[in-house]
Every structure is written in structure tokens, then in C-alpha cells.
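Here's a quick briefing to read alongside the model.

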Amino acid sequence: MAEIGKDIRKAKEILEAGELVAIPTETVYGLAANALNSSAVPRIFTVKNRPYFDPLIVHVASLEQAHMYVQFFPTSALNLARHFWPGPLTLVLEKKEIIPGLVTSGMTTVGIRCPDQELTLELLRSLPFPLAAPSANPFGYISPTEPAHVNEQLGDKISYILDGGTCRVGIESTIVGFEKSQPVIYRMGAINMEEIERIVGPVRVLTHSTSHPMAPGQLTSHYSPRKRLVLGVMPQLIEKFHGYSAGILSFMTDYSEVDADHQIILSSSANLEEAAQKLFLALHQLDKMDIQIILAEEVPDVGIGRAINDRLRRAAAPGE
Ligand code: TXA
Ligand code: MG
């Protein structure tokens, strides 16, 4: 198992040696390496069992630092960065030479963000390089929102997990790219489409799965528990799967016909932010229950609810 602690100096030493450290962010835990080191970066793909066609997000301490790694910021990108950084927004921009092609899967663009998590910001400020970090889960599995999730999934493959406690937001960053300088959302995430549009005007949404996805968070089957998850209208699901030992993932309703031990309510006060924060934790818990199947319902499709539903649909999709 990996050591879990708050020692920034230790994390720094491991990263400087070209090894991996799991780091907290406000969204989910990341599996970090020196983004400029072409022998450190491949370790991320090996440990996660991640295909090389899936590019990594580069984490920086500030907007000034981001300028060292990207060619230029279209005006709308600059406005978004100024408004939301540090925060759960990844911008896809033309990269500078210094970012290895391994990080970007050979593309000329790089996904870059400044996370809003004090320990990780302090770590980033202390390092002479940025950190490439995908979510710290085996490829395709549920993202980790607590150090224990990382340890359960990858603890035998890494030595240190920087402990930032439970992630405050709980769902990954929103990814925005620019096509002819026009903003395009590649992944729904913690920052709402409405919030993005308030800064840059109307945006296009392009989050569908293809075999060569722009953002492989777009792969239809992703964020998946190992147990089968079925998404639908709950009372109908409960009736249909009567006779199965089922776990229930409910938005706000207490389905009293179901055993309380097998039921997780994301937010009894119907708060979408709370639901987002608890989503991956709930999926981890359901996956560990002694049940045959997970029954889940969508949340209202507004604000961060869109990102929650996106993750639920992908978790429900059969493997590709
Ligand atoms: O909240 C987050 O974004 C978390 C934390 C750790 O920062 N990271 C995260 O990383 O979710 P990951 O690897 O699980 O998802 C990153 C997504 C991938 O689907 C990847 O394809 C996309 O970002 N991405 C990275 N660089 C890209 C690029 N140049 N163009 C298009 N998509 C890119
Ligand atoms: Mg991920």
C-alpha cells in the first residue's frame, strides 16, 4: 500500500526523481508526474493501464505558468482562465515544443488547468515543472475522490498519496477547446455550461464518443463500476429487477420498499452540487456492496446535473 500524508517536500522529491505521486485536486485525485520528463510520463500510462491515445491534462500553478507551455490564448480562453482559475476548468490550447508529444498523444494541443486545491497549488509552486495528471483510477474505472480510493485501486503501484481529504467538487473539470477561436465543450464537468456561456457567449457542445475521441473522457463506456449499472426511472427499475439483490442510487427520493443498507441518496435536499460531490463515492460504495446489480436514476439535467448525468450514462454503457 502507498503511504498517505501531507508532506509536500516528500511529494516534491519523488516527482523530481521521475516517479509518480497521487495528488488531491478540488475535482478528483490525480496521478501526477513531471510533465516535461519523457521517461516519467509513460509510467502514468503503465500504472493506469491507459491507452496512449488518451492525452493527459497538464496542471500549473498559475496563468503566468500556463503561458510557458502554450502558444497563445484566444481572447475567450484568456477570459475563461481569468475568471475560473484556479478551478475546475481545462483549456485545450496549442502547445509549445517543451511539452512532450507523449503527454498530448501526439496532438499539437495540450489540455491545461490550474487546480483549486491548496496543497497541490503549494506543491506546483515549489516545482520547476508542471504536472501531467489524469484521474488516479485504473483506466475506465470510477474516479477517486478520497485517498482511500486511490490506495485501493493503485496503492501497490505507487509510493505516495498526498492527502487533501475528500475532494470538494467531486466531479472532473469541464474541458473547453477552441475551433477557429470559438469555444467548444469537449467534456461536461464541474463548471456549468451556463457559467461558461456567461463569460464567452454561446458555446458548442461536442461530447460524443468516437473511436478516436477528442477527449477520451468521451468514450461511451467510462467511469464504470465493475458491477452492472442500469439507468432508468426508479420505480420501474425496482419492479423490473424484483428478485435481484439490487443496490439503489437515488437522487433525492427515499425508496422505502428497498432495504436502506442497499440505498444511497445523493442529496435529500435535491442539491446538485452535493450530489456531484458524492457521486463517485456512492459508486465506489455500491460497487463494494454484496449485491448483483446497481439501479440508478438521472438527476435534473441542468447546471452541474448535466455532468452528473453524463457520468451516469457512461457508467451504464456496456464496455466497448
Ligand atoms: O478534473 C480533472 O480534469 C482531473 C483532475 C485530476 O485534474 N483530471 C482528469 O483527467 O479528469 P483524465 O485524464 O481522467 O481526463 C482528461 C481528459 C481525457 O479524456 C483527455 O482525453 C482530455 O482530458 N484531454 C487531455 N488533453 C487533451 C487535448 N489536447 N485535446 C482534447 N482532449 C484532451
Ligand atoms: Mg479519468
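This is a predicted model: local features need pLDDT of at least 70, side-chain atom pairs count only at pLDDT 80 or more; totals for chains, interfaces and linings use all residues.

For accessibility, buried means under 20% relative accessible area, exposed means over 50%, and partly exposed is anything in between (1.4 Å probe, protein chains only).

Residues are numbered from 1 along each chain as its sequence is written, chains are lettered from A and ligands numbered from 1 in the order in which they are written, and side-chain values use heavy atoms, leaving out hydrogens and water.

**Salt bridges**

- Searching the whole structure turns up 15 salt bridges (a side-chain nitrogen of Lys or Arg within 4 Å of a carboxyl oxygen of Asp or Glu).
- Arginine 204 has a salt bridge to glutamate 179, with the closest N and O atoms 2.8 Å apart.
- Arginine 204 sits in strand 11 (residues 204–205) and glutamate 179 in strand 9, so this pair ties together parts that are 25 residues apart in sequence; helices (H or I, at least four residues) and strands (E, at least two) are DSSP runs, numbered from the N terminus.
- Glutamate 179 is partly exposed too, at 29% relative accessibility.
- Arginine 168 and aspartate 116 also form a salt bridge, their closest N and O atoms being 3.1 Å apart.
- That one links distant parts of the chain, 52 residues apart: arginine 168 is in the loop between strand 8 (160–162) and strand 9 (174–179), and aspartate 116 is in the loop between strand 6 (109–113) and helix 5 (118–126).
- Glutamate 194 meets arginine 306 in a salt bridge at 3.4 Å, N to O.
- Here the link runs from helix 7 (residues 193–200) to helix 10 (residues 305–316), with the two residues 112 apart.
- Glu172, Asp310, Arg311 and Arg314 are joined into one network by salt bridges that share partners.

**The sheet and its helices**

- An open sheet is built from 4 strands in the order 12-15-13-14, with parallel pairing (two strands pair if DSSP finds at least two bridges between them).
- At the edges are strand 12 (228–231) and strand 14 (263–265), each pairing on one side only.
- Strand 13 (residues 246–250) and strand 15 (residues 293–296) share 4 parallel bridges, and leucine 249 has alanine 296 in strand 15 as its bridge partner.
- Helix 9 (residues 272–288) packs on the sheet and touches strands 12, 13, 14 and 15 (contact means heavy atoms within 4.5 Å).

Key. Axes are lines fitted to C-alpha atoms, for helices over the stretch in contact, and angles run from 0 to 180 degrees between N-to-C directions.
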